[in-house]
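Subject: The model we talked about

Hi,

Here is the structure, with its sequence, for you to open alongside this note. My notes on what turned up follow below.

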Amino acid sequence: MPGWNEPADQVYVDLYWIPLGAGGWFVKRNGRLYESLVALPEGRPPRDLYHSALEVVVPEGRFVIEQAPVPRSGCGARGVVAEGPVGLRAAGRLRLFRYEVRCWRDGHIPDAAEAVEGPRRLSTDSDLAHRVLQLVPAVPTPVWGRDELRAGDMWNSNAVISWLVARAGLNPEDIPLPTGGRAPGWDAGIAAARRHLVGPGLRPDPHRQGVRGARA
C-alpha cells in the first residue's frame, strides 16, 4: 500500500487508560463494588479500575479502536466491525445485551480527556500500525463479562485491546498499568492471542503468527 513508509510523527499507535466510569456515576459505583468483591478474598485493598482504547494514525487516516455498548439506532456511522453478547450468549439477540467493536475513522474516545498519564505511545512503526487495523475485524467476540476461555479473566474492552496488541507483534505484558490500577480482561485477550483464536466462533487462525511473550 502506498505511503506506508511515512515519517514516524505521522504514524503511531497510542493506548489510552481511562478510569472506569469516568463519564458516569453508575458505572463507577458498580465498578467499585465489583473490585471490592474481588479484592476481599484476595486479601488486598481495592484498586482503581481502567478500560482501554487505541488510536491509530496512518497516512490513510486516524482511527479509534474500542469496544462499547451497542447504542440506539440513528447514532450514525461508528466503524463497527464486530458484535458480541453481554452476560449470556442467548441475551445477545437484544440490543441492550450486545457490545460492538469499532474501528472508527476520525472517531472519538469518550472520556479520552480523563485518560491517566495521557496517551501511551506503543509504536511508530508503519507496518505494525497497519497490522493493527487489519486485525480488528478478526477480533474474538466471546460473551462480555464471562470467562469462556477459562483464562481466569473475563472478556471485555481490555481483552479486545490486549488481543490486538499481541497479535500485531507487541508484547502486552510489557505495557505497564497506571500506578495502583488494575485492568480486568487484559489477561483474557493475551490468552486468546496465544491460542491464535479469531472471530465470533473462537476458531483457530489458519494463518497463525507468533505472539510475543507467548508460551509454547
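The protein chain exposes about 11200 Å², and carbon and sulfur atoms supply 54% of that area (accessible areas come from the Shrake-Rupley method with a 1.4 Å probe; for residues, only the protein chains shown count as cover). Please keep in mind that this is a predicted model, in which local features need pLDDT of at least 70 and side-chain atom pairs count only at pLDDT 80 or more, while totals for chains, interfaces and linings use all residues. Residues are numbered from 1 along each chain as its sequence is written, and side-chain values use heavy atoms, with hydrogens and water left out.

Of the 216 residues in the protein chain, 48% are buried (under 20% relative accessible area; exposed is over 50%, and partly exposed is in between, with a 1.4 Å probe and protein chains only). The chain has 4 helices and 9 strands (DSSP runs numbered from the N terminus: helices are H or I with at least four residues, strands are E with at least two). From the N terminus on, their order is β-α-β-β-β-β-β-α-α-β-α-β-β. Among contacts (heavy atoms within 4.5 Å) between residues at least 6 apart in sequence, 77% join residues at least 24 apart.

Now to the inside. In soluble globular proteins, nonpolar side chains tend to be buried together. Not counting residues up to four places away in sequence, Leu164 touches Leu54, Ile65, Val132, Leu135 and Val136.

What about α2: how many of its residues are buried? The count is 7 of 10, so α2 is largely enclosed by the rest of the structure. Its buried residues are Ser126, Leu128, Ala129, His130, Val132, Leu133 and Leu135, and what covers them includes β1, β2, β3, β5, β6 (120–123) and α3.

Ser123, in strand β6, is buried at 11% relative accessible area. Its side chain reaches the backbone nitrogen of Asp125 at 3.0 Å. Asn156 sits in the loop between α2 and α3 and is buried at 6%; a polar atom of its side chain lies 3.0 Å from the backbone nitrogen of Asn158. Leaving aside neighbours within four places in sequence, Asn156 is in contact with Gln67, Trp144, Pro184 and Gly185.

On the outside, Thr179 lies in the loop between α3 and β7 (181–182) and counts as exposed, at 74% relative accessibility. Leu96, in the loop between β4 (80–85) and β5, is exposed too, at 65%.

Best wishes

Key: Polar contact = N/O pair within 3.5 Å; in protein donor to acceptor, adjacent residues only side chain to side chain.
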